[in-house]
Each structure stands twice: as structure tokens, then as C-alpha cells.
Amino acid sequence: MRKLLLLLLVLTLLIACTRNGGNTKKKLTIAVIPKGTTHEFWKSIHAGSNKAASELSAQGTEVEVIWKGPLREDDREQQIQVVEGFAAQGVSGIVLAPLDNRALVRPVEDAKRVGVPTVIIDSGLESEQFLSFVSTDNRKGGTLAADRMGQLLNGKGKVLVLRYAEGSASTTEREEGFISQMKAKFPDIELVSTDQYAGATRDTAKRASENLLNRFADVVQGIFTPNESSTAGMLLALQDIGKAGKVSFVGFDSSQTFIDAINANQLHGIVVQNPFNMGYLGVRTMVDSLLGKPVEKKIDTGVMLVTKENLEAPDVKTLLHPPLDQYLK
Amino acid sequence: MTRINKSGFAISVIRGFGPVLGLLVVIGVFSLLVDTPGRLLSPNNLRIVLSQTVIVAIGAIGMTLIIISGGIDLAVGSTIALTGVVTALAIAAGYTPSVALLSGIFIGGLVGVINGFVITRLKVVPFIATLGMLGVARGVAKWMANQQTVNMRGTWLNELLVMFPNPSWLLVAPGVWIAIILAVCAAIVLRNTVFGRRVFALGSNEAAARACGIATDQLKIWIYGLAGLLFGLAGVMQMSRLRQGDPTVAAGSELDIIAAVVIGGGSLNGGEGSILGSMIGALIMAFLRNGCQQVGWPNYIQEIIIGAIIVVAVAIDRWRSAKA
């Protein structure tokens, strides 16, 4: 038994050695590492990356995208191991959506030391050792929402903001963008409440919304919420008390529920990010840099206001329903 | 009891041989599968695999003690998270890194001693006692960390598991050397000291051990406490890798650690196991993970393979010991 195993081992090693040297055609391998793999958001990023790869390959630069998330979703240690693995593997470059703005700093810097550059997408990293930060301009998203709200209320009335969660950088920027634009452009609109938080889930958001509406439902004409779960929670709370459709409501992110609510006039606008474009630009930026072209340190992947009026427009349709099937085999 | 007589050393070497062979097969097969065979054994990749093994390896040293004594500890992952948070909090509060390190290790030991007391004084079987601790320690970690990650200033603790150690003549991260030294010490303690022999005696036959005059309850508290200190150190290592205290980290890593011990020849019935085997077991799993990624297999294949390997390793071990 033992001899047999040893023989097997020697054979495999021999074959392994002889296989050295084949397949040396110049090809860029780009590892794309999301925070998780099951959410629609990440699937869109995956599809966008694949689109960039097939476009570039058609243009003569052979590009292969390797898609791999952390083994356990939302586990920083697992994501670190994936980054380290790709660095050791010697991929041409890494496109990373860091689970944490600090925990991923060391592996990204180590990767740079072994000659593997990184483009950061979606969420920031507290380091200077990456090529470019490709993400949604969240402040601009908040500004868009404020413009819509001002238009809906004709520049006067009372508005409340239900914030998402303490310490969440992206949503805080959306809230600040909304509030500062409100104050600057619509001075006659009063912000009656901006200090309440929805919390992490749809459930906590609904509870916070109920408490807030209990106090303000009869005085406010407008409501803004900065992400998917807070928008969903607020929508549920409004529907429960029969106020849905009677208040101007602008939310953030998209889901089928929100599109239905827009059609039912219960939601009067959502600001939507573009994850497909994020994946696409992430890979494009990486390849540009590898080919020696200069790249911007910060790249905006675009936000868009979706309302009942433009819901059927072709560009909105592709944004809400990115061509996943076409690019994910 | 047969494994602690004069030929114990020879037997443990032979027993250690199976896992070593397994490790070589894993490395050989993956070298065959990756495009450039040298890549798997390149210095940089070895550095990475060794650094990634350290947390499981240090945990597995403690777990080997517990499993040989016939016990089990399911709270390791939670203990790692808790002690990582404690260490990060200590640094954030302005204590020196050494004090933070010791406080992390101490809290680990404390958790272990509590486990020991619950098992011996309250007569709760280890599986249930540590299952309870799994929840308690995780909860306390989240509570202490205020349900967020704990960020702190950079100290030398952050350098324990870096890819390129400073000074560079260390070749691999300092944490790897710490793990190796601890493994050697633990192997000597298990083989050559009264304490080590009593651990085997306890796991082989508890009633007989008690009849021989061993204070088994006291011994168990020592074992869980000692293992807890090691889990505490593993927690510090985890914090070093993340550069922050994360109360949600290492969920499920107790299973990796138990798997390392079992692949390395440890028996969940007690009385069997070796430090060398457990270390090899930890390396096998690290190489499997690393290899699957280098080959480009998706995560689910990785999970299926590791699961299958655990069962196959134990089955082969049983088959061999039945023949012996």
C-alpha cells in the first residue's frame, strides 16, 4: 500500500516537472474579488467584468477574468486568503471590493510588493498602494435625490431623513449630499428630522420608520432614505399606516418591490447605482494600467435617478436589468 | 495505555508517516494541476501557506491536548474572536503591545478554565459545555467590541504574520516560528513528562486513570486552561492578520482545527493523537485551500474536497490500525 502511494507520488512529481514550460502565450489574468457571490449586486459586477474581458480580447488584448469571492461570505479573513492566493499565483492584477477598509490593507500592500497591482472597487481602502478607486459617487447620488425632492415639493415643505447606520461611509455620504443640497438649493424646505438611524436590516428599518412616522406622519411632505434596507423598511411602514402615496418618498438602490412601488405611485424616485459598469470599469482600468496607460486615481461609475417617467427608457431598463445571462454563462 | 510505553516514540513516528504521505500527495497532485508546477512551491507561496496555517496550527496544538484527553472544544472560533477583540481593545486603550498580547492569551486561558470547571464541577459533557461557550464567548466579544470592529494604532503585533518578515533573515513570518517552537515544546511535554502521560492515560481510560491515583478533574481543568492559552495566542495572531479586532471572525474555524487533529491521526474517542500529525493535518488543509485556488476551482469544490479528505483520512487510519 505504502509503496504504491510512493510510486504514485513520484510519478505525479515527474509528470509535473515535464509539464513545465507549455502554454506561455501572453495573456492577462485579472482576478476579480467581490465581498460575496450570491447577491444580485455582485452578479452584476461579475457580468460587467466579463464584458470588459471579452471586449478587450476582441480588441487584441487577451484578458481572462478569474472570479472568486471569500469562502465564507462577509468573512474578512477568508477574503484576505483569497487576495494572498492570487498574489502568490502571480495574476496580472487584482480588482478587489474590500470587506473592510483596514483589514485588507496588508494583503493589498503585500501583493504590490510581489508585483501584483490592485484596483479597488465599491468600498474604500485606507491605503495609497492601489492604482485606482472605482466606485459610485455617493455624494452625487444624495444630491440627485435632493433635486428630485425639491422638484416634487415645489421648493417648500417639511422633509425627514432616515439615516442608514452609524459608521457606514457610503450611506453617510449619500445623506450628507442630500442634506447639503437641500439646504443650499431649497432653503424653504425644512428638515424636521435627520438624526434617526434605520439600522442594518429591513426589520430594524421598519421599526425605526414606525417610530418616526408615529411622530411626524402628519407634518412631513417628503421622506428620503439612503439605501435598500432603509427604503424597504420605510415603504413597509408607510403602507401599514396607509400613508404610502400621500408623502413624497425618494429612496436609494433598486429591487422589484421598489419598481412596483414606483408604478403604484408610492415611491417617487430611486437613485440607482451601476454595479455592471463598476465591474466593467474595474477591469478596464486594471488593463489600461497594465498596458502602460495612465489611469485616474478615482473613477465614478455613475448614479441615476429612476422615476415613473423614465422607467421604460432603454438605458434605465438595462440599468435595472443588466444583461446578466449574456455575460454569465 | 499501550502508546506510552517504551516503543511509544517509534509508534508515533510511524503514525506520523501516514499524514506526511498525505501531505506529499496533496502537494504532488496540485503541482501537477497548476500550469507552472514550481508556483505551488515558490518561496512566496510557501510563505503565504505557512502564514495562513499558523492560526489553525496553534489552535490544533491545544485541541490535540484536549482530544487526546478524550474531550472536545467547540468554542475555539469564538475564543479566537474574543481574545482578538480583547487584544485590540487593550492596544486601543493605550497599553503596550506586550501587555495586550498577554491579556489576550490570559483571557483565552480564562475561557478554557471556565470550560474545565463547567465540565468537571457541573458534570456537563465537553461537547455541550463548549457548545454553550461557543455562544457565550462570541456574544461577549460582540458586546465588548460594541458590535463593530475594533481599530487600533499599528504596533509590532501587526507584524507577526506578514509575508515579508523584518528582519528578512527570518525567511518566514515570526508567527510561523512561534508556532513551530510551541509545537516542539508541546510534543516534548506530551511525550516526556508526567503531565503528558497522564493526558494519554485520561483519554485511554478515565476510570483506570482515576484508579491509578490521577486527580482527573484537576487534570482536565489544566488541559482546558492550557489549551485556552494557546487559543488566546491564536486570537492574537488572527488580530495581527486583520490589524483589527473583529468579533465576527473565525466562525466555524473550530471545525478546521478539529479536522486538522483528526486528519493527523487524533481519535475523538481519546487516547490517540500527536502534535506532529496535527501540524501536518493543518498544513494539508492549508495546501488544499491554496491549491484549489491556484488551480482555479470554485469555492464549493474546495469545500467538498476538504470534507471528503477528512472522512478518507480517518477511514484509512482506522483500516491501518485494524490491520496492525
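Colleague: How many bridges join strand β6 (residues 157-163) of chain A to strand β7 (residues 189-197) of chain A?

Modeller: This is a predicted model, in which local features need pLDDT of at least 70, side-chain atom pairs count only at pLDDT 80 or more, and totals for chains, interfaces and linings use all residues. Residues are numbered from 1 along each chain as its sequence is written, while chains are lettered from A and ligands numbered from 1 in the order in which they are written. Strands are DSSP E runs of at least two residues and helices are H or I runs of at least four, numbered from the N terminus, and two strands pair if DSSP finds at least two bridges between them. β6(A) and β7(A) run parallel, and the number of bridges joining them is 6.

Colleague: In β7(A), which residue is the bridge partner of A:L162, and what is the handedness of the unit that β6(A) and β7(A) make with helix α6 (residues 169-185) of chain A?

Modeller: The bridge partner of A:L162 in β7(A) is A:Q196. A crossover is right-handed if, with the strands pointing away from the viewer, the path from the first strand over the helix to the second runs clockwise. By that criterion, the β-α-β unit of β6(A), α6(A) and β7(A) is right-handed.

Colleague: How is chain A divided into domains, and how far apart do the C-alpha centres of domain 1 and domain 2 of chain A lie?

Modeller: The bounds come from an automatic or database domain assignment. Domain 1 of chain A spans 25-135 + 275-300, and domain 2 spans 138-273. Their C-alpha centres are separated by 32 Å.

Colleague: Which residues stand opposite A:V32 in β2(A) and in β3(A)?

Modeller: Strand β1 (residues 28-33) of chain A runs parallel to strand β2 (residues 63-67), with 5 bridges between them, and β1(A) also pairs in the parallel sense with strand β3 (residues 93-96) over 4 bridges. The path from β1(A) to β2(A) passes through helix α2 (residues 40-58) of chain A in a right-handed β-α-β crossover. A:L28 faces A:V63 in β2(A). For A:V32, the residue opposite in β2(A) is A:W67, and the bridge partner in β3(A) is A:V95.

Colleague: How many residues are in the largest nonpolar core?

Modeller: A nonpolar core is a set of buried Ala, Val, Leu, Ile, Met, Phe, Trp, Tyr and Cys residues joined through C-beta atoms within 7 Å. A:I30, A:V283 and B:I58 are among the members that touch the most others. A second, separate core of 40 residues includes A:A145 and A:F252. The largest core has 144 residues.

Colleague: Which helix supplies the largest share of the side of chain B that touches chain A?

Modeller: Two residues are in contact if their C-beta atoms, placed from the backbone, lie within 7 Å. On that basis, 37 residues of chain B are in contact with 34 residues of chain A. Helices α1 (8-33), α2 (43-68), α9 (216-242), α11 (275-295) and α12 (299-323) of chain B each supply at least two residues of that side. The largest share, 7 residues, comes from α1(B).

Colleague: Is A:D122 buried or exposed?

Modeller: A:D122 lies in the loop between β4 (118-121) and β5 (132-135) of chain A. Although not a glycine, A:D122 has a positive phi of about 70°. Because A:D122 has 24 C-beta neighbours inside 10 Å, this residue counts as buried.

Colleague: Which residues does a cis peptide bond join in chain B?

Modeller: Most peptide bonds are trans. The cis bond has an omega of about 0°, and B:P167 is placed in the loop between β1 (150-151) and α6 (174-192) of chain B. The joined residues are B:N166 and B:P167.

Definitions and conventions: Buried ≥ 20, exposed ≤ 12 C-beta atoms within 10 Å, placed from the backbone.
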